[in-house]
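Please open the model in a viewer and keep the selection panel at hand.

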Amino acid sequence: MDLTLTEEDAAFWVYRGEGAVNLVLAYTGSSPSYIGKVIRIRKVPNNGSKSQGVRNSIALTPHERLIWKDVHELISFSDKEIAGQLFVQHVMEPLLGAKYVDSGMHVLVTKEFLESVEKNISSLRPAWRVDAARVDTHCYFGLLMSDHSIFAHGSQGSSPSISVEIKPKCGFLPLSRFISEENAVKKRITRFQMHQALKLHQGEISHQSVYNPLDLFSGSGERIYKGVKDLFTTPQNNFRVFLDGSLILGGLGGGTKSTDAYTAKVLEDELKSVILADDGVRTETLFTLVTEALQRSGVLDQLLAVQKLDNIDIEGVIHAYYDITSQECMVCRELSEEQAKKYTSVHSASLDESLRIVKDYLIAATAKDCSLMICFRARKEEDSGSVYSHVYLESTQQAFDFKVYFIDLDLKRLGKMEEYYELDKKIVSCYKQMIKMDHGRNEVPNLQASY
């Protein structure tokens with residue numbers, strides 16, 4: 001951590017977006033150390049709890065140290081944020097490919113820098129994000145990474161770049177024998193589609209997404225294109241577009257309901273500087289570019305393989321969790337003796353096997369929740385020695401350099417395992433209830449007409 005950001009630097013870092021735990025800022029100054037970089041800084045809830053000072057209080061728990069015992073670099077640090085970066089470097093990077101993963105580096109930040117940043121960006125953050133959390137001014141470092149929405153500064157002159165950020169979600173249907181009969185719908189309907197019903201019910205979204213992750217992961221060009229287009233139609237927090245690093249479609253700190261005609265027209269116009277096509281077809285050409293890049297890079301195949309490390313589903317994994325933590329199994333306690341027999345094989349597994357089951361589940365959970373950043377720029381005729389992969393579009397007679405990176409590869413915590421299990425139950429229950437209500441409406445002619 002040789003680099004340090006002070007109060008004087010704050011003005012050069014602008015708001016790029018945020019998730020539940022971190023804020024992302026992009027650099028606009030002239031320092032060679034930071035050009036083309038973004039920094040991720042930690043947030044702390046506004047619920048009255050104080051920042052936990054960073055050290056020890058948020059270290060990996062003893063049980064987590066057991067789970068990650070084979071990753072020595074990971075368990076040697078007591079801070080969650082540093083452990084998170086080491087998790088990306090030593091766990092996710094080997095699985096997804098070093099070419100597509102940027103684990104970043106930590107830089108020191110002063111309290112004054114963080115306080116200035118808080119003041120500068122507060123008006124740009126979504127109100128509900130401001131209400132929920134603030135910058136953690138007691139955290140003395142941030143995670144510095146390359147800005148994958150642009151190409152490296154200085155390469156190819158000033159060619160504009162367009163980038164698309166996609167959150168693919170889980171790309172397969174589980175087949176685990178540990179899925180209960182009453183939850184068998186999980187084997188037919190994707191988790192993403194079922195979760196939409198719960199989000200609608202809870203008021204998080206105004207209408208459901210038309211996106212189906214199975215399209216994106218299908219390997220079929222036609223279906224991948226459909227998946228990309230459906231994400232564009234209802235972006236929520238799963239699809240964003242940047243022009244030279246500036247957001248032109250999607251939400252900064254939250255989701256966007258759906259793409260209306262005005263928003264679609266704005267995107268179509270913004271694409272003029274990159275895609276040499278007629279009005280009305282530039283956005284579709286972007287979908288084609290994204291489809292080609294996804295197919296050529298093979299990143300979705302790699303991502304799917306990591307997601308499938310979860311091969312017994314949370315309904316099986318939860319039993320291994322209780323064994324690792326030496327607790328009474330709260331799931332089996334609610335079952336009859338006959339029903340509980342289904343999970344005997346999990347409970348009789350060795351400690352090492354239980355640790356492997358839970359570790360694989362947590363890695364898969366990261367892969368199901370990460371995002372992809374795909375960046376393009378038109379290749380100049382004189383640039384024949386580009387280090388980047390490229391796609392040629394017959395329709396516009398343009399060659400495009402492209403690069404693909406996984407982002408948001410966050411370490412999932414063992415302590416949330418029961419929460420994951422309860423959420424899974426809630427998602428399935430809400431979806432089944434919605435289907436039941438829909439069937440009820442369709443059975444009544446008068447209601448069917450209004451529906």
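Is Arg 413 buried or exposed? In this predicted model, Arg 413 counts as buried, because its relative accessibility is 19% and the cut-off for a buried residue is under 20%.

**First selection: Arg 413 and Glu 64.** Display both side chains. Arg 413 forms a salt bridge with Glu 64, and the closest N and O atoms are 2.8 Å apart. Arg 413 belongs to the loop between β13 (398–407) and α16 (417–443), whereas Glu 64 belongs to helix α1 (residues 62–67), so the pair ties together parts that are 349 residues apart in sequence. Glu 64 is also buried, with a relative accessible area of 3%.

**Next: helix α10.** Select Glu 292 and Arg 296, which form a salt bridge whose closest N and O atoms are 3.5 Å apart. Both residues lie in helix α10 (residues 282–297), 4 residues apart, or about one turn of the helix. Glu 292 is partly exposed at 26% relative accessibility, while Arg 296 is exposed, with a relative accessible area of 52%.

**Next: helix α15.** Select Arg 356 and Glu 353, whose side chains meet in a salt bridge (2.7 Å, N to O). These two residues are 3 residues apart in helix α15 (residues 351–369), so about one helical turn separates Arg 356 and Glu 353. Arg 356 is partly exposed, with a relative accessible area of 34%, and Glu 353 is likewise partly exposed, at 31%.

**Next: a charged network.** For the model, the count of salt bridges comes to 30.

**Next: a negative patch.** Switch to a surface display and select Glu 7, Glu 8, Glu 112 and Glu 115, which form a negative surface patch. Of these residues, Glu 7 may be examined individually: Glu 7 sits in the loop between β1 (4–5) and β2 (13–18) and is partly exposed, with a relative accessible area of 44%.

Where does Leu 335 lie? Leu 335 is found in the loop between α12 (313–324) and α13 (337–340), and it is partly exposed at 27% relative accessibility. Neighbours within four places in sequence set aside, Leu 335 is in contact with Ala 340 and Tyr 343.

How values were computed:
Residues are numbered from 1 along each chain as its sequence is written. This is a predicted model: local features need pLDDT of at least 70, side-chain atom pairs count only at pLDDT 80 or more; totals for chains, interfaces and linings use all residues. Side-chain values use heavy atoms; hydrogens and water are left out. Patches are made of residues with over 30% relative accessible area and no salt bridge: like charges are joined within 9 Å, nonpolar side chains (Val, Leu, Ile, Met, Phe, Trp, Tyr) within 5 Å. Accessible areas come from the Shrake-Rupley method with a 1.4 Å probe; for residues, only the protein chains shown count as cover. A salt bridge is a side-chain nitrogen of Lys or Arg within 4 Å of a carboxyl oxygen of Asp or Glu. Lys and Arg count as positive and Asp and Glu as negative; His and the chain ends are not counted. The place of a charge is taken as NZ of Lys, CZ of Arg, CG of Asp or CD of Glu. Buried means under 20% relative accessible area, exposed over 50%, partly exposed in between (1.4 Å probe, protein chains only). Contact means heavy atoms within 4.5 Å.
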